[in-house]
Amino acid sequence: MQRYNILWADDEIDLLKPHILFLEKKGYDITPVNSGSDAIELCEKKTFDIVFLDENMPGMSGLESLSEIKNLRPNMPVVMITKNEEEHIMEEAIGAKIADYLIKPLNPNQILLSVKKILDNRRLITERTNLNYQQEFRNIAMTVQDHLDHEEWADVYKKLVYWELEIEDTDNDSMEEVLLMQKEEANTQFCKFIMDDYADWLNDPESSKPLLSHQVMKKKVFPLLGEEPVFFIVIDNLRYDQWKIIEPIVAQYFNVESEESYYSLLPTTTAYARNAIFSGLLPTEMEKKHPDLWVGEDSEDGKNNNEDKFLEKQIRRNNLDIKFTYHKIKNTGQGKNFSDQINNLMANDLNVAVYNFVDMLSHARTDVAMIRELAPDEGAYRSLTKSWFEHSALLEAIKKLSDKKVKVVITTDHGTTRVKKPFKIIGDRNVNSNLRYKQGKNLGYDLKNVMTVTDPAKYFLPKLNVSTSYAFAIEDNFFAYPNNFNYYVNYFKDTFQHGGVSMEEMIIPFVLLRSKNV
């Protein structure tokens with residue numbers, strides 16, 4: 001076991017001998033001094049693992065000594081010890097970035113707890129996390145073999161994300177590979193579930209079904225309309241794990257009143273899933289009722305240019321007499337403009353904002369070598385998302401909204417999955433380019449490990465001709481053409497894609513926020 005060196009400065013250090021002996025028996029080496037100046041002198045010469053500093057010493061006070069020590073060794077943890085319980089002293093010490101604050105008379109176990117919390121925190125958390133996951137592993141493994149419903153699958157996915165984030169926050173990744181294998185097995189079973197049940201969700205009124213993309217506005221957003229303005233924020237491509245990474249930042253300004261999940265429609269893309277949110281319709285219903293707004297696979301036009309018009313028609317269809325705005329935010333300038341308008345937007349019943357950054361990040365990670373280097377794995381990809389959010393115009397908007405009497409919803413249209421296994425498919429020149437689903441006629445592929453839709457009407461999916469079919473990649477597969485196979489494998493393997501069937505793409509967050517300040 002590693003021995004730590006502790007510097008302890010107190011003008012009554014001799015009276016603390018029992019505590020020093022106690023710590024030494026626990027494996028710590030203690031260097032005692034009688035004054036703050038002596039402590040500073042020693043800190044100039046060497047680094048200690050921790051410094052105990054009495055606040056009330058003659059000559060140089062503890063706070064003055066703390067300032068000097070922090071100048072010398074900014075990252076060295078200092079514990080302030082005092083008899084004085086005055087609030088301003090606590091605040092000064094905390095402001096100087098102390099590691100802990102102890103009140104005399106001291107208890108040996110109180111001191112030991114402080115030391116362990118500072119010096120052994122990471123090790124203890126790692127050991128406990130790995131042990132807890134080992135105990136949970138069996139429960140999850142048994143659960144995914146059962147015949148689960150949509151709510152139970154959402155719970156399984158959330159548990160896996162929880163453990164993924166917990167293990168990521170430890171110093172030992174020994175459980176990471178085990179968790180990865182468990183996620184893969186869970187996704188295998190989840191894809192079987194979707195292949196068995198998805199069509200029933202759309203066709204059988206009696207089936208147990210989750211909330212789907214086209215029902216989000218009517219069932220979750222419109223009921224929120226009332227005295228307070230509703231801000232409906234859609235962050236494109238935001239997976240559940242990415243939400244959990246930014247949640248602590250949001251929670252500084254808002255209370256999370258509810259955190260639910262819903263299921264994205266297939267294909268899990270903007271053209272289908274996000275247009276379904278704003279239109280309140282399934283894809284073939286959009287195509288039939290609004291041919292002027294629907295953009296099919298055979299068109300080169302942008303697939304999400306009519307969201308505001310879809311939303312307007314859905315509002316009218318639901319007989320809502322409301323004022324609403326729609327904002328698509330693709331860059332910092334547009335984000336700042338939205339944030340600057342918030343005072344004026346308070347006059348509306350509903351304000352919708354679509355932020356495209358996370359979607360652009362996933363595409364940039366595919367196309368830009370530097371982004372791939374910055375985000376080589378899931379953890380780094382989450383970290384980039386967090387870094388963007390911390391410095392984004394969206395966070396500025398959230399800060400401004402936190403001072404107002406509003407309801408805020410944060411959600412997304414679909415997630416992404418990290419693809420690893422190429423899957424050969426053959427199609428003509430009219431087949432769409434998405435790597436996770438294909439639409440066309442005479443598609444050729446091995447039926448194994450693909451969700452095949454030969455009757456698009458049953459899935460409310462448009463078809464360009466009589467023989468149109470759909471093929472959805474499942475788990476972590478992606479489609480590649482045999483005549484350019486090696487290129488596809490080298491270029492797209494380990495990139496984040498969407499359009500197919502996986503927990504990451506389909507089970508997505510819907511979060512309602514209430515301001516803390518109003």
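This report describes the fold, helix contacts, a pocket and some local backbone features of a predicted model.

## Basis and overall dimensions

Residues are numbered from 1 along each chain as its sequence is written. The model is predicted, so local features need pLDDT of at least 70 and side-chain atom pairs count only at pLDDT 80 or more, while totals for chains, interfaces and linings use all residues; side-chain values use heavy atoms, with hydrogens and water left out.

The protein has 518 residues, and 54% of them count as buried (buried means under 20% relative accessible area, exposed over 50%, partly exposed in between, with a 1.4 Å probe and protein chains only). Along the principal axes, the C-alpha atoms fill a box of roughly 90 × 55 × 45 Å. The secondary structure comes to 21 helices and 19 strands; these are DSSP runs numbered from the N terminus, with helices being H or I of at least four residues and strands being E of at least two. Among contacts between residues at least 6 apart in sequence, 74% join residues at least 24 apart, where contact means heavy atoms within 4.5 Å.

## Helix pairs

Helix H2 (residues 36-45) packs against helix H3 (residues 62-72) at about 5 degrees, and the axes are 9 Å apart. Axes are lines fitted to C-alpha atoms, for helices over the stretch in contact, and angles run from 0 to 180 degrees between N-to-C directions. H2 and H3 are therefore roughly parallel (angles under 35 degrees count as roughly parallel, over 145 as roughly antiparallel, 65 to 115 as roughly perpendicular and the rest as oblique). On the H2 side the contact involves Gly 36, Ala 39, Ile 40, Cys 43 and Glu 44, and on the H3 side Ser 65, Glu 68, Ile 69 and Leu 72. These residues divide into five nonpolar, two polar and two charged; Ala, Val, Leu, Ile, Met, Phe, Trp, Tyr, Cys and Pro count as nonpolar, Asp, Glu, Lys and Arg as charged, and the others, Gly among them, as polar.

The axes of H7 and H18 come within 11 Å and cross at roughly 90 degrees, and the two helices are therefore roughly perpendicular. H7 contributes Glu 164, Leu 165 and Glu 168 to the contact, and H18 contributes Glu 378, Gly 379 and Arg 382. By class, this contact has one nonpolar, one polar and four charged residues.

## Second largest pocket

The second largest pocket has a volume of about 530 Å³. On a 1 Å grid over the protein atoms alone, a pocket is an open set of points with protein on both sides within 12 Å along at least five of seven lines, and lining residues have an atom within 4 Å of a point. Grid points are joined across faces, edges and corners, and the volume is the space filled by probe spheres set on the points.

There are 24 lining residues, and Glu 164, Leu 180, Lys 183, Glu 378 and Arg 418 lie nearest the centre of the pocket. Helix H7 (150-168), helix H8 (176-203), helix H18 (378-390) and strand E11 (417-418) are the elements that give two or more residues to the lining. H8 gives the most, with seven residues. The lining has three nonpolar, six polar and 15 charged residues.

## Buried helices

In helix H11 (residues 270-279), 10 of the 10 residues are buried, so the helix is largely enclosed by the rest of the structure. Among them are Tyr 272, Arg 274, Asn 275 and Phe 278. Just after H11, Gly 280 takes a positive phi of about 70 degrees.

Helix H10 (residues 240-250) is mostly covered, with nine of its 11 residues buried. The buried residues include Asp 241, Trp 243 and Glu 247.

## Backbone exceptions

Most residues other than glycine have a negative phi, and most peptide bonds are trans. The bond from Lys 104 to Pro 105 is cis, with omega near 0 degrees; Pro 105 lies in the loop between strand E5 (100-103) and helix H5 (108-119). Leu 266 and Pro 267 are also joined by a cis peptide bond, with omega about -10 degrees, and Pro 267 lies in the loop between strand E7 (254-263) and H11.

Asn 237 has a positive phi near 75 degrees and is found in the loop between strand E6 (230-235) and H10. At 0% relative accessibility, Asn 237 counts as buried. Phe 460 has a positive phi near 55 degrees and is in the loop between strand E15 (450-453) and strand E16 (468-473). Phe 460 counts as buried at 18% relative accessibility.

Terms used:
On a 1 Å grid over the protein atoms alone, a cavity is a set of points where a 1.4 Å probe fits but cannot get out, and a pocket is an open set with protein on both sides within 12 Å along at least five of seven lines; lining residues have an atom within 4 Å of a point.
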